Amino acid sequence: MMSDAGIRIVTGTDCGAEASQTTPVGHTTHREVAMLVEAGMTPEKALRAATLDAARVLERTENPAYGSIQAGKIADLVLLNADPVADINNTIKIDRVMRAGKWVQ
């Protein structure tokens with residue numbers, strides 16, 4: 001209902017303190033995005049909550065340095081093997097990771 005009302009929804013951190021010893025970093029973000037879809041958000045809106053909208057909140061600007069693909073922005077991205085819009089659980093099907101413009105995985 002909040003999303004439908006135009007309230008910006010963003011994901012939280014990528015790992016809870018109690019789970020940080022046993023849960024790989026990033027796992028909880030994938031689950032949180034899936035839970036946003038389960039709660040009624042579209043996959044597109046849930047993905048935006050974890051990317052551009054989260055960056056907007058963290059940087060307190062509508063045009064943050066990261067969170068979307070655009071010339072001049074920080075080049076961090078994840079390349080997936082499957083479409084997360086078709087199935088939000090496809091966010092865990094990671095093929096490669098780019099950090100600061102260099103492939104690391």
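I call a residue buried when its relative accessible area is under 20%, exposed over 50%, and partly exposed in between (1.4 Å probe, protein chains only). The model is predicted, so I read local features only at pLDDT of at least 70 and side-chain atom pairs only at 80 or more, while totals for chains, interfaces and linings use all residues. Residues count from 1 along each chain as its sequence is written, and side-chain values use heavy atoms, without hydrogens or water.

**Lys 73.** I found Lys 73 in the loop between helix H3 (52–59) and strand S1 (77–80). Helices (H or I, at least four residues) and strands (E, at least two) are DSSP runs, numbered from the N terminus. Lys 73 is buried yet has no salt bridge (a side-chain nitrogen of Lys or Arg within 4 Å of a carboxyl oxygen of Asp or Glu). Glu 59, the nearest side chain of opposite charge, is 7.8 Å away. Leaving out residues up to four places away in sequence, Lys 73 touches Asn 63, Pro 64, Ala 65, Tyr 66 and Ser 68 (heavy atoms within 4.5 Å).

**Helix H1.** Next I looked up H1, residues 27–38. Its buried residues are Thr 29, Val 33, Ala 34 and Leu 36. They cover an arc of only 155° around the axis, so they lie on the same side of H1. Helix H2 (43–50) is part of what covers them. After H1 comes Gly 40, with a positive phi near 120°.

**The sheet.** I traced three strands in an open, antiparallel sheet, ordered S1-S2-S3. S1 and S3 (102–103) are at the edges with a single partner strand each, so one side of each has no neighbour in the sheet. Val 78 stands opposite Val 97 in S2.

Definitions and conventions:
Expected span 1.5 Å × (residues − 1). Arc of directions from axis to C-beta. Lys, Arg positive; Asp, Glu negative; His and termini not counted. Pairing = 2+ DSSP bridges.
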